[in-house]
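Please open the model in your viewer and keep the selection tool at hand. The tour below moves from one selection to the next and says what is to be found at each stop.

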Amino acid sequence: LMETKPVITFLKTLLIVYSFVFWITGAILLAVGVWGKFMIGPYISLIAENTTNAPYVLIGTGTVIIVFGLFGCFATCRGSPWMLKLYVMFLSLVFLAELVAGISGFVFRHEIKGTFLRTYTDAVLNYDAEDEKSLAVDNVQSSLRCCGVNNYTSWLGSVYYPANGFPLSCCSNSSDCSPQDLRNTTINHTKVYQQGCYELVTSFLETNMAIIAGRMCCLMIGMLCLKLIGMLLACCLSRIITANQYEMV
């Protein structure tokens, strides 16, 4: 028994360090989810043909990982075999979820342009200045200083244009652009941004997603390796403790 105590102590130390690193990855996922919700949420809502919960999934996953990272530290300090086995099961689920998410994200990135063109065109044509997609269109147009899909003429076929003209988010100069001007078909096209949003948005998304994808690819490989190491450490520690009936005093 005395010979196994140093081994158990060594494994515990490694697993506690691992659990802390695991906890850090959860905090990173939580931060990315919050960033995605507030920074690229409007773009995501327009890319997705149905309402997407991707930022909330990241926030939820990050929170769960933080909790289980702390649980892993607690289970290791207690030296409880059943807690360690539960920790291994959780690490296995996270490993599979990350693998599926990584593959799905790699495939999805090639579909951005086609999906965005379809959903953004639909959002413009059915714009009512009130629903979520309409507010997302306003956000995109005002923040990227653009109007319409390919250009401002995209609005001419919308249900909003006949009665209201261009939306206020299309105004190139807010101090010299009134709702009356936007309804006046003689001058309204001179008051709005001339560039369309499609190329700007896809360029913005591809640039940001390329950066994210590159970093996430490296992180994903590292994290998957860490999950395997963590599962191996937890399994070894659980078996040694069970075999030697070791308990913390």
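Predicted model: local features only at pLDDT ≥ 70, side-chain atom pairs only at ≥ 80, totals over all residues.

Begin by selecting alanine 129, which is partly exposed because its relative accessible area is 32%; buried means under 20% relative accessible area, exposed means over 50%, and partly exposed lies in between, with a 1.4 Å probe and protein chains only. Alanine 129 sits in the loop between helix H5 (112-125) and H6, where helices (H or I, at least four residues) and strands (E, at least two) are DSSP runs numbered from the N terminus. Although alanine 129 is not a glycine, its phi is positive, at about 70°. Most residues other than glycine have a negative phi.

Residues are numbered from 1 along each chain as its sequence is written, and side-chain values use heavy atoms, with hydrogens and water left out.

**The whole chain**

Now select the protein chain and colour it by pLDDT, the predictor's confidence in each residue, from 0 to 100. The chain has a mean pLDDT of 78, and 73% of its residues reach 70 or more. Where in the chain is confidence lowest, and where is it highest? The lowest mean, 62, belongs to helix H2 (residues 41-47), and the highest, 92, to helix H7 (residues 161-164). If you switch to secondary structure, you will find 9 helices and 0 strands. Of the 249 residues in the chain, 39% are buried.

**Helix H1 and the annotated spans**

The UniProt record, in an unreviewed entry, places the feature "transmembrane region" at residues 15-35, 56-75, 87-108 and 217-241; its positions are given in the numbering used here, feature names are shortened, and annotations may be inferred rather than shown by experiment. Select residues 15-35, where the chain is 100% helix and 0% strand and the end C-alpha atoms are 30 Å apart. Then select residues 56-75, a span that is also 100% helix and 0% strand, with its end C-alpha atoms 28 Å apart.

Next, pick phenylalanine 20, which is found in helix H1 (residues 4-39) and is partly exposed, with a relative accessible area of 49%. Together with Val17, Val21, Ile24, Ile28, Val32 and Trp35, Phe20 forms a nonpolar patch on the surface, with about 560 Å² of accessible area in total. Alanine 27 is likewise placed in helix H1 and is partly exposed, at a relative accessible area of 27%. Alanine 27 and isoleucine 59 are 32 residues apart in sequence, and their C-alpha atoms are 9.1 Å apart in space.

**The cysteines**

How many disulfides does the structure hold? There are 3 of them, a disulfide being a pair of cysteine sulfur atoms within 2.5 Å.

Select cysteine 146 and cysteine 197, whose sulfur atoms are 2.0 Å apart in a disulfide. Cysteine 146 lies in the loop between helix H6 (132-144) and H7, and cysteine 197 in the loop between helix H8 (179-183) and helix H9 (198-244), so the pair ties together parts that are 51 residues apart in sequence. The torsion about their S-S bond is about 105°, so this disulfide is right-handed, and both cysteine 146 and cysteine 197 are buried.

Move on to cysteine 147 and cysteine 170, joined by a disulfide with an S to S distance of 2.1 Å. The torsion about the S-S bond of this pair is about 85°, so the disulfide is right-handed, and both cysteine 147 and cysteine 170 are buried.

The remaining pair to select is cysteine 171 and cysteine 177, with sulfur atoms 2.0 Å apart. Here the torsion is about -60°, so the disulfide is left-handed. Cysteine 171 counts as buried because its relative accessibility is 8%, and cysteine 177 counts as buried at 10%.

Technical notes. Patch = residues over 30% accessible without salt bridge, like charges linked within 9 Å, V, L, I, M, F, W, Y side chains within 5 Å. Areas by Shrake-Rupley, 256 points an atom, 1.4 Å probe, with all protein chains shown as cover. Salt bridge = Lys/Arg side-chain N within 4 Å of Asp/Glu carboxyl O.
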